[in-house]
Amino acid sequence: MEEGLCQWSMFRSLSAILQWWAFNVTVIIMNKWIFQKLDFKFPLTVSCVHFICSSIGAYTVIKVLKLKPLITVDPEDRWRRIFPMSFVFCINIVLGNVSLRYIPVSFMQTIKSFTPATTVVLQWMVWRKYFDWRIWASLVPIVGGILLTSVTELSFNMFGFCAALFGCLATSTKTILAESLLHGYKFDSINTVYYMAPFATMILGIPALLLEGNGVLDWLNAHPAPWSSLLIIFSSGVLAFCLNFSIFYVIHSTTAVTFNVAGNLKVAVAVLISWLIFRNPISGLNAVGCAITLVGCTFYGYVRHLIAQQPPPGTPRTPRTPRNRMELLPLVNDKLDDKV
């Protein structure tokens, strides 16, 4: 009986990881296809479509199908807490799409792995939070791998690189703000999208219209088959919401260590598939830099897990000693970084 339950648990975890990989890689590849192959070079509009689809999807799941219970938020907290989070959330998604517009998927995904380092540094500089030396040591291969990948990238674009880098900062800021603004609310990925996606649509709608509206109209008039292309664009929005649902499923089906390893393997899969489709040139040193970064991210996640499992230190506290073991850990919520 126990063996059967163990096999079912393993099958469930594997299924959850595979469907999460499928949605995540498909959304990334579709977005790059939209920018490169369909020549739809409007990242604000694509992001806005994703927000609209995610808003409708989250409403359908919670209100219509009732697959998830709604976490009630006070009206005052929606503007005081959710709106600032939605603003950073919006910037994060837009910068990700802007970077995809200018740089290859492989380079963008590698830079995105820099997020743990930016989160640790931000908390150390702004909140004066102190971390275990092993956390700092685990960041060395991540930073080194990013530097090697950036120096050897054959399709390097400074604007796309900066967009991806600032996207890491936005992700880190979102994670840190969530700790202070959303305390008291235990949001899952679906409820997060339910509250944040409508705000993000409102924030981005007017800028997208003003900055890209005329360009979108010109594209529609010049494109030989606009309706089939629009179907692909809106399908990417639907799949972006499905990605949020897959995150909710995989969180409840795997352990933290399994998720960390699977997340880094997912980046490797995305890099491989994107290269097979778009054939962007990758040098040997560039591939080595990407591999070093992914190994560093895996090691970083493992170190965080080890520190979280250790009992609180028994030594007397000094003014520079953390109050408990969790103060040695960064506030990186790796499981919710892929939303929308």
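## Loop residues with positive phi

Lys66 is found in the loop between helix H2 (43–64) and H3, where helices are DSSP runs of H or I with at least four residues, strands are runs of E with at least two, and both are numbered from the N terminus. This is a predicted model, in which local features need pLDDT of at least 70, side-chain atom pairs count only at pLDDT 80 or more, and totals for chains, interfaces and linings use all residues. Residues are numbered from 1 along each chain as its sequence is written, and side-chain values use heavy atoms, with hydrogens and water left out.

Lys66 is not a glycine, yet its phi is positive, at about 55 degrees. Its relative accessibility is 62%, so Lys66 counts as exposed; the classes are buried under 20% relative accessible area, exposed over 50% and partly exposed in between, with a 1.4 Å probe and protein chains only. Arg279, in the loop between helix H10 (256–278) and H11, also has a positive phi of about 55 degrees without being a glycine. Arg279 counts as exposed at 51% relative accessibility. Most residues other than glycine have a negative phi.

## Overall composition

The chain has eleven helices and zero strands. Of its 340 residues, 51% are buried. Among contacts (heavy atoms within 4.5 Å) between residues at least 6 apart in sequence, 88% join residues at least 24 apart.

The buried residues in H4 are Val105, Ser106, Phe107, Met108, Gln109, Thr110 and Ile111.

Helix H11 (residues 284–309) contains 26 residues and spans 38 Å from its first C-alpha to its last, close to the 38 Å expected at 1.5 Å a residue. That expected span is 1.5 Å times one less than the number of residues. Buried positions in H11 include Asn286, Gly289, Cys290, Gly296, Tyr300, Arg304 and Ile307.

## Aromatic pairs

Rings of Phe, Tyr and Trp (its six-membered ring) pair if their centres lie within 6.5 Å; planes under 30 degrees apart count as stacked, over 60 as edge-to-face and the rest as tilted. The count by this rule is 14 aromatic pairs. One of them, Phe83 with Phe199, is edge-to-face, with 5.4 Å centre to centre and 85 degrees between the planes. Phe83 lies in helix H3 (residues 75–102) and Phe199 in helix H8 (residues 189–222), so the pair ties together parts 116 residues apart in sequence. Phe83 is partly exposed at a relative accessible area of 25%, whereas Phe199 is buried at 11%.

The rings of Phe156 and Phe161 have centres 5.3 Å apart and planes at 40 degrees, so this pair is tilted. Phe156 sits in the loop between helix H6 (133–152) and helix H7 (158–181) and is partly exposed at 35% relative accessibility; Phe161 is buried, with a relative accessible area of 16%. Leaving aside neighbours within four places in sequence, Phe156 is in contact with Phe107, Ser150 and Phe161. Phe156 and Ile103 are 53 residues apart in sequence, and their C-alpha atoms are 6.7 Å apart in space.

## Charged residues

Lys37 lies over the face of Trp33, at 5.9 Å from the ring centre, and Arg101 over the face of Tyr102, at 4.5 Å. The rule for a charge over a ring is that NZ of Lys or CZ of Arg is within 6 Å of the ring centre and within 35 degrees of the ring normal.

Arg81 lies in helix H3 and is buried at a relative accessible area of 13%. Beyond neighbours within four places in sequence, Arg81 is in contact with Leu181, Leu182, His183 and Tyr185.

## Nonpolar cores

The largest nonpolar core has 34 residues, and Phe40, Ile111, Ile135 and Ile233 have the most contacts inside it. Such a core is a set of buried Ala, Val, Leu, Ile, Met, Phe, Trp, Tyr and Cys residues joined through side-chain atoms within 4.5 Å. Apart from neighbours within four places in sequence, Ile233 is in contact with Ile34, Phe40, Val49 and Trp219. Phe40 and Trp219 form one aromatic cluster together with Phe42.
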